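Thanks, everyone. Let me put the model on the screen, and then I'll walk you through it.

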Amino acid sequence: MTTKIQQVLMTGKTHTTASRREGGPRDDAHVDIRMSTPGKTGNEIVLEAVELHPTAEQLFAGAWSACYTGALGVAAKAKKVALPADMAVDIEVDLGQTGGAYFLQARIDVRMPGVAHDVAEAIAHAAHQMCPYSKAVHGNIDVATNVIAAEALAAQ
């Protein structure tokens with residue numbers, strides 16, 4: 001059983017896409033990271049426009065988001081579903097307090113435009129079953145996952 005946070009002290013936010021675009025410097029206080037697949041040539045990780053002191057919550061959300069995005073790709077491939085090029089994962093990790101104790105909680109938004117909602121939900125669930133970060137926090141912190149697929153995006 002997870003403990004609900006009564007007061008959020010800070011939030012680390014990430015936005016991850018599966019695009020292979022060449023990143024450019026940003027001036028909006030976000031971290032840009034270009035990553036490559038382990039075991040392939042050109043495995044350099046490039047951080048651009050990084051704040052001088054990213055928070056632990058930002059770093060955790062970024063690592064989790066990158067891992068979970070990869071797991072979405074594996075889960076989709078296993079279900080023979082092509083993920084849309086504009087798929088995105090937003091993770092927010094809160095540090096908060098309940099009484100005198102500190103806790104984490106997280107919110108995950110998975111956007112899969114053009115994928116049927118039930119299929120997108122199944123892929124998101126399967127990705128949580130294989131992502132090491134999702135498995136590490138399962139049952140330890142409160143995590144809310146929101147899948148936004150074809151029907152939801154059409155209504156916006």
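Start at Thr-98. Thr-98 is buried, with a relative accessible area of 19%. Buried here means under 20% relative accessible area, exposed means over 50%, and partly exposed is in between, with a 1.4 Å probe and protein chains only. A word on provenance: this is a predicted model, where local features need pLDDT of at least 70, side-chain atom pairs count only at pLDDT 80 or more, and totals for chains, interfaces and linings use all residues. Residues are numbered from 1 along each chain as its sequence is written, and side-chain values use heavy atoms, with hydrogens and water left out.

Back to Thr-98. It sits in strand S4, residues 88–98. Helices (H or I, at least four residues) and strands (E, at least two) are DSSP runs, numbered from the N terminus. What does Thr-98 touch? Leaving aside residues up to four places away in sequence, the list is Thr-3, Lys-4, Ile-5, Gln-6 and Phe-103. Contact means heavy atoms within 4.5 Å. For Lys-4 there is a polar detail: its backbone oxygen lies 2.5 Å from a polar atom of the Thr-98 side chain. A polar contact is a pair of N or O atoms within 3.5 Å; within protein, one must be able to donate a hydrogen and the other to accept it, and residues adjacent in sequence count only if both atoms are side-chain atoms.

Now the sheet. It is open, has four strands in the order S1-S4-S5-S6, and its pairing is mixed. S1 (7–17) and S6 are the edge strands; each has a single partner strand, so one side of each has no neighbour in the sheet. From one strand to the next, the twist averages 15 degrees. S4 and S5 pair in the antiparallel sense, over eleven bridges. Two strands count as paired if DSSP finds at least two bridges between them. Glu-92 stands opposite Arg-107 in S5.

H2 packs on this sheet. It touches S5 and S6, and its direction makes about 145 degrees with that of S6. Axes are lines fitted to C-alpha atoms, for helices over the stretch in contact, and angles run from 0 to 180 degrees between N-to-C directions.

Let's stay with H2. Which residues of H2 are buried? Ala-120, Ile-123, Ala-124, Ala-126, Ala-127 and His-128. They pack against helix H1 (56–78), strand S5 (101–111), helix H3 (132–137) and strand S6 (142–148).

Next, the loop between H1 and S4. Ala-82 is in that loop, and Ala-82 is exposed, at 66% relative accessible area. Asp-86 is in the loop between H1 and S4 too. Asp-86 touches Arg-111 and Pro-113, not counting residues up to four places away in sequence. Asp-86 and Gly-114 are 28 residues apart in sequence and 9.6 Å apart in space, C-alpha to C-alpha. For Ala-82 and Gly-114, the figures are 32 residues and 10.0 Å.

Last, the whole chain. It has four helices and six strands. From the N terminus, they run β-β-β-α-β-β-α-α-β-α. Of the 156 residues, 31% are buried. Among contacts between residues at least 6 apart in sequence, 69% join residues at least 24 apart.
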